[in-house]
Amino acid sequence: MNDSIPENTPQTGVRHAIPGDVSAIGALMERYAALGNVLPRTLHDIRHKLDDFYVIEEHSQVAGCGALEGFTPELAEIRSLMIAEDHAGRGLGGRLVDHLIAAARGRGFKRLMALTYVPDFFRRRGFEVVPKDALPEKVWGICVSCYKFNHCDETAVLKHL
Ligand SMILES: CC(C)(COP(=O)(O)OP(=O)(O)OC[C@H]1O[C@@H](n2cnc3c(N)ncnc32)[C@H](O)[C@@H]1OP(=O)(O)O)[C@@H](O)C(=O)NCCC(=O)NCCS
């Protein structure tokens, strides 16, 4: 599938993850899961779900990643969105989310959600804050087996596509 966006330049670009990206994604995961920004995922889980992952590269180096995971034929979630600290604050996270939004539309999803500690970042990309029980597919299908289920402090954000 060719789902490049026009903003890609020779220096930066978003593409589907490949097996060679697993260690870079794992390093981002190790860093940001330890800081509590994202839920931890093992290398095994990343490998298993690699088709969901996109990476953003700068000068041929992985600068960040994000995953687009479908729950139902109409609802998908952005997960594991991370930009390396030395690349942050320069628009890469926003571009990656724009790409995930376009990819979700291209795959026919009607709603795109995230659980996040940075709702304002998502608001800038057209998401709205919603109560978690507006997303029963996620809460009762996936969250129920999460270690944070009874004390989840993340904010649910949703965008209609
Ligand atoms: C959140 C994160 C992905 C943002 O990536 P980034 O490349 O630094 O963000 P960008 O430079 O693309 O910022 C895009 C816009 O969002 C804003 N923004 C960035 N981080 C923000 C934050 N933490 N809170 C609110 N707004 C934020 C920027 O000011 C910018 O606004 P503008 O378009 O009006 O100029 C990145 O900081 C990160 O990886 N954080 C740690 C992991 C994490 O929290 N992931 C989210 C899990 S859902």
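Helices (H or I, at least four residues) and strands (E, at least two) are DSSP runs, numbered from the N terminus. Keep that in your pocket for the exercises below.

This is a predicted model, where local features need pLDDT of at least 70 and side-chain atom pairs count only at pLDDT 80 or more, while totals for chains, interfaces and linings use all residues. Residues are numbered from 1 along each chain as its sequence is written, and side-chain values use heavy atoms, with hydrogens and water left out.

**Exercise 1. Find Arg15 and work out which residues its side chain pairs with through polar contacts.**

Step 1: Go to strand E1, residues 12-16; Arg15 is in there.

Step 2: List the contacts, meaning heavy atoms within 4.5 Å. Leaving out residues up to four places away in sequence, Arg15 touches Asp21, Tyr54, Val55, Glu57 and Val62.

Step 3: Now look for polar contacts (a pair of N or O atoms within 3.5 Å; within protein, one must be able to donate a hydrogen and the other to accept it, and residues adjacent in sequence count only if both atoms are side-chain atoms). The Arg15 side chain has one with the side chain of Asp21 at 2.8 Å, and one with the side chain of Glu57 at 3.0 Å.

**Exercise 2. Is Arg111 buried or exposed, and which side chain does its own side chain meet in a polar contact?**

Step 1: Look in strand E5 for Arg111.

Step 2: Arg111 has a relative accessible area of 13%, so it counts as buried.

Step 3: Its neighbours, again skipping residues up to four places away in sequence, include Glu74, Leu75, Glu137 and His160.

Step 4: The side chain of Glu74 is the partner, with a polar contact of 2.7 Å to the side chain of Arg111.

**Exercise 3. Where do His59 and Ser80 sit, and is each one buried or exposed?**

Step 1: His59 has a positive phi of about 50° although it is not a glycine. Ser80, not a glycine either, also has a positive phi of about 50°.

Step 2: His59 is in the loop between strand E2 (53-58) and strand E3 (61-70), while Ser80 lies in strand E4.

Step 3: His59 is exposed, because its relative accessibility is 57%. Ser80 is buried, because its relative accessible area is 9%.

**Exercise 4. How many disulfides are there, and where does that leave Cys65?**

Step 1: Use the rule: a disulfide is a pair of cysteine sulfur atoms within 2.5 Å.

Step 2: By that rule the count is 0 disulfides. Cys65 is in none, and the nearest cysteine sulfur, that of Cys146, is 18 Å away.

Step 3: Cys65 is buried, because its relative accessibility is 0%.

**Exercise 5. Which strand gives the most to the lining of the largest pocket?**

Step 1: On a 1 Å grid over the protein atoms alone, a pocket is an open set of points where a 1.4 Å probe fits, with protein on both sides within 12 Å along at least five of seven lines; lining residues have an atom within 4 Å of a point.

Step 2: The lining has 39 residues, and Asn37, Val38, Leu81, Leu115 and Thr116 lie nearest the centre.

Step 3: The answer is E4, with 7 residues.

Notes:
Buried means under 20% relative accessible area, exposed over 50%, partly exposed in between (1.4 Å probe, protein chains only).
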